[in-house]
Amino acid sequence: MAKKEKSEYIIQAVDHALDLLEQFHDDVDELGVTELSKRLKLHKNNVFRLLATLESRNYIEQNKVTENYRLGLKTLELGQTFIKQMGLLRQSRPVLESLVKECNETTYVAILKDFHIVYLDVVETALTVRVVPRVGARLPAYCTAAGKIQLAFMTEEELEHYLPVKELKQFTPSTITDRDELKRHLKQVSEQGYAVDNEELDVGVKCVGAPIRDYTRRIVGAVSISGPSMRFSDERMDKELIPLVKRAAEEISLKLGYHK
């Protein structure tokens, strides 16, 4: 008997439920039944049934004031479980802690997801003036050090796929918004083996990142050091922070089975 394609086993109701959950992303905190019906192209009755089912299991909850719906605590629990189980996170935590002791700046480990980076873990500096941690936040890859270092090693075809169709948003005067300029910049990043966010996402904040590879030599994430630009002078970057972040990335990579 011929083996069926996995697509033939898809349960439509489950598929719709997952589509509904995925509507809550980026800045979308709450949605009403009418808006969900339009987005999912489903009748309101079907949307009500999906919401009722998800609400009964705490994946969705209703705001009693607005009567709109938002993600429930169960989605957070699943996300935290996923993060904890990731080998990348387990292996990187001790390295991040050691890195902070050496440079006394905030350190992150991040992965690339749909042209955004997601910070999985952070170890903060004890200094009063510091960058606000953004664990779990989705930030544009093209103007962050952790994002650029991962984009830089993509093939031309992969990069074309990841570059958004719409214009690259300008967050600060330093943000690179021209595609050709960005490609030239990424080529330089790949050659030097590290990336710098020179106040490209937030004014007054600098960051340096290096790639994390696994046993297949594939880039699976990045480690970065971030802090106020007043503490990230060119001299300190060259002599201290860049060597530290590259060494940390290599240490995590070796833990994941990477060999040069």
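**Exercise 1.** Find which residue in S4 stands opposite Tyr-108, and describe the sheet around this pair.

*Solution.* Tyr-108 has Val-122 of S4 across from it. The model is predicted, so local features need pLDDT of at least 70 and side-chain atom pairs count only at pLDDT 80 or more, while totals for chains, interfaces and linings use all residues. Residues are numbered from 1 along each chain as its sequence is written, and side-chain values use heavy atoms, with hydrogens and water left out.

Next, take the strands. S3 and S4 (residues 116-123) are antiparallel partners over seven bridges; two strands pair if DSSP finds at least two bridges between them. Strands (E, at least two residues) and helices (H or I, at least four) are DSSP runs, numbered from the N terminus.

Then widen the view. The open sheet has six strands in the order S5-S4-S3-S8-S7-S6, paired antiparallel. S5 (138-140) and S6 (195-198) are at the edges with a single partner strand each, so one side of each lacks a neighbour in the sheet. From one strand to the next, the twist averages 35°.

**Exercise 2.** Determine how H1 and H2 are oriented against H3.

*Solution.* Start with H1 (residues 12-21) and H3 (residues 44-56): their axes come within 10 Å and cross at roughly 80°. Axes are lines fitted to C-alpha atoms, for helices over the stretch in contact, and angles run from 0 to 180 degrees between N-to-C directions. H1 is therefore roughly perpendicular to H3 (65 to 115 degrees; under 35 is roughly parallel, over 145 roughly antiparallel, the rest oblique).

In this contact (heavy atoms within 4.5 Å), Ala-13, His-16, Ala-17, Leu-20 and Leu-21 of H1 meet Val-47, Leu-50, Leu-51 and Leu-54 of H3. The classes are eight nonpolar, one polar and no charged residues. Ala, Val, Leu, Ile, Met, Phe, Trp, Tyr, Cys and Pro count as nonpolar, Asp, Glu, Lys and Arg as charged, and the others, Gly among them, as polar.

Now take H2 (residues 33-40), which packs on H3 at about 110° with the axes 9 Å apart. H2 is thus also roughly perpendicular to H3. Val-33, Thr-34, Leu-36 and Ser-37 of H2 meet Lys-44, Val-47, Phe-48 and Leu-51 of H3. Here the division is five nonpolar, two polar and one charged.
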